[in-house]
Amino acid sequence: MMLLRDYHGHGYEVSSLEDAGRRFDELVETIMPHGGCGQTLTVGTDDQPALRIDVDIDSDRAALRWLPDGSCAVEREADAPITVYESPDTGLVDIPAELARVTCAAARAAVVEYAATGRRPTNVQWRDGNPG
């Protein structure tokens with residue numbers, strides 16, 4: 001079973017590609033406790049997330065990380081860090097500009113592609129995930 005999880009760890013079953021996109025859209029528009037929309041999402045099987053998305057629709061930036069090998073997606077130049085609500089335990093975290101290098105549309109497309117294939121999305125370039 002494929003699950004899209006929100007910052008709170010609530011899992012939403014993804015039963016179709018349309019469902020993956022719709023759930024992503026709903027979650028990224030949710031206002032977080034800090035008053036903004038930035039949050040951390042994961043997608044994967046019911047026991048193992050494979051894709052981490054730190055996304056802030058207000059800045060149209062996201063950090064997309066492939067957890068099995070630690071790589072991160074690169075679509076655009078590094079511009080500014082984003083702040084996301086990672087979880088109730090950790091609260092707000094700053095995601096470095098070097099990692100927040102994809103648009104929200106590219107992050108959404110990656111979630112839909114992963115839901116379709118179960119593999120690392122191909123709609124973006126990937127590189128070693130260590131910033132700097």
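What share of the contacts between residues at least 6 apart in sequence join residues at least 24 apart in the protein chain? The share is 55%, with a contact meaning heavy atoms within 4.5 Å. The model is predicted: local features need pLDDT of at least 70, side-chain atom pairs count only at pLDDT 80 or more, and totals for chains, interfaces and linings use all residues. Residues are numbered from 1 along each chain as its sequence is written, and side-chain values use heavy atoms, leaving out hydrogens and water.

The protein chain holds two helices and nine strands. These are DSSP runs numbered from the N terminus, helices being H or I of at least four residues and strands E of at least two. Their order along the sequence is β-β-α-β-β-β-β-β-β-α-β. The radius of gyration is 13 Å, close to the 14 Å that the globule rule gives for 132 residues, so the chain is as compact as a globular protein of that length. That radius is taken over C-alpha atoms, and the rule is 2.2 Å times the number of residues to the power 0.38. The C-alpha trace spans about 35 × 30 × 25 Å along its principal axes.

Of the 132 residues, 48% are buried. Buried means under 20% relative accessible area, exposed over 50%, and partly exposed in between (1.4 Å probe, protein chains only). The chain exposes about 6,400 Å², and carbon and sulfur atoms supply 47% of that area. Accessible areas come from the Shrake-Rupley method with a 1.4 Å probe; for residues, only the protein chains shown count as cover.

Helix α2 covers residues 104-117. Its 14 residues should span 20 Å at 1.5 Å a residue, and its end C-alpha atoms are 20 Å apart, which agrees. The expected span is 1.5 Å times one less than the number of residues. Buried residues of α2 are Cys104, Ala106, Ala107, Ala110, Val111, Val112 and Tyr114. They pack against β1 (2-5), α1 (17-28), β3 (39-45), β4 and β5. Just after α2, Gly118 takes a positive phi of about 75°.

Asp60 also has a positive phi, of about 55°, although it is not a glycine. Asp60 lies in the loop between β4 (49-56) and β5 (61-66). Its relative accessible area is 33%, so Asp60 is partly exposed.

The disulfide count is zero, a disulfide being a pair of cysteine sulfur atoms within 2.5 Å. The sulfur of Cys37 has its closest cysteine sulfur in Cys104, 9.6 Å away, too far for a bond. Cys37 is buried at 7% relative accessible area, and Cys104 counts as buried at 10%.
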